[in-house]
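Please read the following note beside the sequence and the coordinates. The points run from single residues to the chain as a whole.

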Amino acid sequence: MDIDSESQYSRLYCTGAVLNASIGFLFTNLCFGVYNSLQTFFQKELFSNYSQSLITFIVTIPFLSGAFGSIIAVPIAGKIGRRRLLMAADVIGILGVILSLINVLFVMILGRLLIGLSIGAMAVVIPLYIV
């Protein structure tokens, strides 16, 4: 590689790293800022025939699975690498967002579970990846 192509590769790599980390922060803010404020909407509009405790469970799933995701992220990052784990967490998070938009209770629960796992993993890996 000559100097120009190496410099261009470095810029492209840094841009990709920043975009990858930014997706993680976007998921975190989306889940905790927007999704968890939807409890009243879930109860009144989507799942009006379900109990309050089930709606509360749906809202808290990302927190519970996020804790689990942050615990398992470190050993996985040690095996496959921080970059690969971050990209996998991005894909899992995008899949979780898509699933959580479907108006079926089990599918929404699964989607929010995947979002939480993704956010938990990203919360641990993004600071390690940036440094």
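1. Serine 118 lies in helix α5, where helices are DSSP runs of H or I with at least four residues, numbered from the N terminus. With a relative accessibility of 1%, serine 118 counts as buried, a class that means under 20% relative accessible area, whereas exposed means over 50% and partly exposed lies in between (1.4 Å probe, protein chains only). Between serine 118 and methionine 87 the C-alpha to C-alpha distance is 10.0 Å, although 31 residues separate them in sequence.

2. The model is a predicted one, in which local features need pLDDT of at least 70 and side-chain atom pairs count only at pLDDT 80 or more, while totals for chains, interfaces and linings use all residues. Residues are numbered from 1 along each chain as its sequence is written, and side-chain values use heavy atoms, with hydrogens and water left out.

3. The protein has five helices and zero strands, a strand being a DSSP run of E with at least two residues, and along the sequence the pattern reads α-α-α-α-α. Of its 131 residues, 34% are buried. Among contacts (heavy atoms within 4.5 Å) with a separation of 6 or more, 73% are between residues 24 or more positions apart.

4. The largest nonpolar core consists of nine residues, namely Ala73, Ala77, Leu85, Leu86, Ala89, Ala121, Met122, Val125 and Ile126; such a core is a set of buried Ala, Val, Leu, Ile, Met, Phe, Trp, Tyr and Cys residues joined through side-chain atoms within 4.5 Å. At least two residues of this core come from each of α3 (52–80), α4 and α5, and α5 gives the largest share, four residues. Apart from this core lies another, of seven residues, including Ile58, Leu105, Met108 and Ile109.

5. Alanine 77 touches Arg82, Leu85 and Val125, if residues up to four places away in sequence are not counted. Leucine 128 and alanine 77 are 51 residues apart in sequence, yet their C-alpha atoms are 9.8 Å apart in space. Leucine 128 is found in helix α5 and is partly exposed, at a relative accessible area of 40%.

6. Helix α4 (residues 82–100) has 19 residues and should therefore span 27 Å at 1.5 Å a residue, which agrees with the 26 Å between its end C-alpha atoms; the expected span is 1.5 Å times one less than the number of residues. Buried residues of α4 include Leu85, Leu86, Ala89, Asp90 and Gly93.

7. Leucine 110, in helix α5 (residues 105–130), is partly exposed, with a relative accessible area of 34%. Together with Ile102, Val104, Phe106 and Leu113, Leu110 makes a nonpolar surface patch of about 430 Å². Patch residues have over 30% relative accessible area and no salt bridge, with nonpolar side chains (Val, Leu, Ile, Met, Phe, Trp, Tyr) joined within 5 Å; a salt bridge is a side-chain nitrogen of Lys or Arg within 4 Å of a carboxyl oxygen of Asp or Glu.

Notes. Patches are made of residues with over 30% relative accessible area and no salt bridge: like charges are joined within 9 Å, nonpolar side chains (Val, Leu, Ile, Met, Phe, Trp, Tyr) within 5 Å. Accessible areas come from the Shrake-Rupley method with a 1.4 Å probe; for residues, only the protein chains shown count as cover.
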